[in-house]
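Work through the exercises below with the model open beside you. Try each task before you read its solution.

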Amino acid sequence: MSNHNSLPPRSPLSSTPPTSGSQAKSGLVPTNNVTTSEGITVRARIDPTLTVADVVRQLCVNLKIKGIPSDYALRDENHELVTNDNLRKKIKARLDLKLVNSPNKEGREIAEKLQVRDQKTMRLTLYTLQRYIRENEFASEFINYDGVTQLVDIIFTSLGNTLAYALTAMQNLMELDYGWASLDEAFIFRVVQVLSSSHSLINVCRPATAILKKLVEADPSNAPGPQAGSSKNGPAIVPGSIYRYGFTVVFEQMRKEKSLLETIVNRLGSADTAMAQYSMMLINSLLSHASDVRWEEFIAEMERFNLRKAVVRLMSQHTVEELTSCILDFQANMLRVTYRKKSTLVDLDAQLSHAADLNYIWEHSKLIEESDEKGQQLKWRKLGFDTEDIELEFNDVGVLGLECLKRFVERDPDFSKVVLEQLSRPVERRCPIAKASNEVVELLSEHWAIFAPGYSTSTTFQPLFLDFYKVHALATNFFIRMWSESGAATGDFIRVVALVRSQVKVALRNENVRAWHEVERDFLECEYRAVRDRQMKELEQEDDLLSKIPVRNLRAKIFKESYEFVRQQRIQCLLQGAWFVIALPGNAPQPRDSRRPSKPWRFVRLVSISSEDNSTKYLHYVDSAVKFPVRSGLEDLPDRIEIAAVSEIATGTCAPPPNVLRDHDDLPPTTPLAPSPLSFSLLSIHEEQGSLADLIAPDQSRWADWTDGLNMLRKDGGHVASKETAGFVQALTEIGLKIKLLDLSGEMVEIPSGLTAGPPPPNTDFFFSELI
């Protein structure tokens, strides 16, 4: 020991009492002031190359401190222990240091002091304990001297600030991965009782909440490293390990205090931000570690105490970074909860709650179970399901779909009237309410990306997601309204789904800043026509969809189909035939006789005569003084014009003969010898022949049918003369394109910008081996 208590001739550490000068008498510049437990302060020059043990040993020798140097240590003004890792930093910063008991000695002494139950002494001891318990050396000695047992006993017997200090000390101890494996169920229940009491102080509840959180996370499955003895039944509990608690152990004690969960939820609204944060962190741990056995019970309790609403209120009240992180964690946990519900099948035999929910829905529909015309059960189909296999109907949306439908029924006191209104309609016009409810669940799951059990990429608050059931009810009512306003039938279900998808996207946009009443307005007041028009614009604008090569090709294809459709319709009109007024060519001289022509009417019909070589088309006709029923054959149509002989269909080139207008009200309004807008001429391929026929149609529609139909019959396809036909082709093209795109969007098919080939192979030496 004498060797340790003597300084070398040129000691790297020297100490002197403080002087007024800037240097000690030795001429060495001091680095730090050091104060002993007796209050003596000296100025010391500490060599940063020394270890802390050497510094303490030399200080003890220089200051003639009694006792062995290993019983002492250095701390700074903030009670932080000086170690080899931070010694250089504290010397450089010239911090004032204190020579105090070593952590080992302090741990022993505090464990002994806790046995003395004088309140004043105990509070001071606990105050020191909560500061030092995080240090490994202190904690090891404190634990070895049975300090944890004394601390637990104080937690059981004390109140007020003493209890707060004791719980904080235990909270800090639990930051270590050892030393608290002896905590039993009685201790956990004591913490539960402390938290449940409405009279507990905030400084008591904060550490108690943190302790429960730590116990929940001390699950055997969370033990670090390979877990010896683990089996198919789960990780084994290693004796002495702190990973022996977890959700199941803690929740069993929590169930004994019925008010605990409600109290924790209520504390989310605490004015103390730290208390709200601790409560949020405990809830997140419970959600993350909930066991399969108690999962449904725990989630049901959380729902019963309106946890979601409490968090939504918290979103609007706090912007502290720590709370933001907790809330985003909660959203991720609720995403997992929602996904689990959606992927959990409805099982009437295994889950009584599922049968109870279905019974509730059926009873509030006020319907009577019947049999259909085939003698089969007619119950769930009345509500809009496709079959009577109710478990199969919820196969895609699971328990989430069942709960959403039940909440929808609960929210609407007139649900039975809505159902009866649909049943009063023809079968094909009924909105399948239950099927619509399930489809809305799918749409909302798609919107909030509820596709995987463990991941959430949202970086903003999603208060509307936390109100999933309420949003579902709004969207389902919107679905029913769109069905009615659009006059939808059974085959239009996918179309209505597309409308609702569009509205969901609009109503739920920027949900972190939108007020709830704005969302309600979007669902309750938006009309069908506005939704449809916006949906069409979305298809045109979203991602420059219509400019993509595949869509342009699709448009071209649909244009051809639309043109052919209109062409066939026009040709059908020609094949049926029609009556026309025989007109005067525009370049014809004015007739001397203004009397009525003997045969002003002409019936014309297209006839195709096929042979082995080709098919020849003719316009067969008959001129008549009056219109009469024309038979389907050629007996009434003696004359004909070969289509191949027609070079052009000229329009607006001829006028009606005199006196015809006065006797026939069904002719177009015009004056004699003035060209009629509804007239057309069949010009011959031989110019000397002029016009082969000059006719006036009775109305615009007939004129468009025949002028465009005749043009479409020509070998070169002719041209569309009427705006009516051009409008039909364009409208059918746009409608067809939108329907195709709606089908694709309804099936979530990604439309690529184009197909690109990969880089060429590095060589063309391909070798193919025979497959065995």
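Contact means heavy atoms within 4.5 Å. This is a predicted model, where local features need pLDDT of at least 70, side-chain atom pairs count only at pLDDT 80 or more, and totals for chains, interfaces and linings use all residues. Residues are numbered from 1 along each chain as its sequence is written, and side-chain values use heavy atoms, with hydrogens and water left out.

**Exercise 1.** Find arginine 190 and describe its surroundings.

Solution. Step one: locate it. Arginine 190 is found in helix α8, residues 185–196. Helices are DSSP runs of H or I, at least four residues, and strands are runs of E, at least two, numbered from the N terminus.
Step two: list its contacts. Leave aside neighbours within four places in sequence; arginine 190 then touches Ile155, Phe156, Ser158, Leu159 and Leu163.
Step three: check the charge. Lys and Arg count as positive, Asp and Glu as negative; His and the chain ends are not counted. A salt bridge needs a side-chain nitrogen of Lys or Arg within 4 Å of a carboxyl oxygen of Asp or Glu. Arginine 190 has none, although it is buried. Glutamate 257, the nearest side chain of opposite charge, lies 9.2 Å away. Buried means under 20% relative accessible area, exposed over 50%, partly exposed in between (1.4 Å probe, protein chains only).

**Exercise 2.** Is leucine 268 buried or exposed? Find its partners too.

Solution. Leucine 268 is in the loop between α11 (260–266) and α12.
Step two: read its area. The relative accessible area is 1%, so leucine 268 is buried.
Step three: look for contacts beyond four places in sequence. Among them are Ala276, Ser279, Met280 and Ile283, along with Leu307 and Leu314. Ala276, Ser279, Met280 and Ile283 are also among the buried residues of α12.

**Exercise 3.** Which residues touch the most other members of the largest nonpolar core?

Solution. Step one: define the core. It is a set of buried Ala, Val, Leu, Ile, Met, Phe, Trp, Tyr and Cys residues joined through side-chain atoms within 4.5 Å.
Step two: name the residues. They are Leu129, Met170, Phe298 and Phe479, in a core of 138 residues. Helix α22 (468–485) gives the most to this core, 11 residues.
Step three: look beyond it. A second, separate core has 33 residues, including Ile571 and Tyr621.
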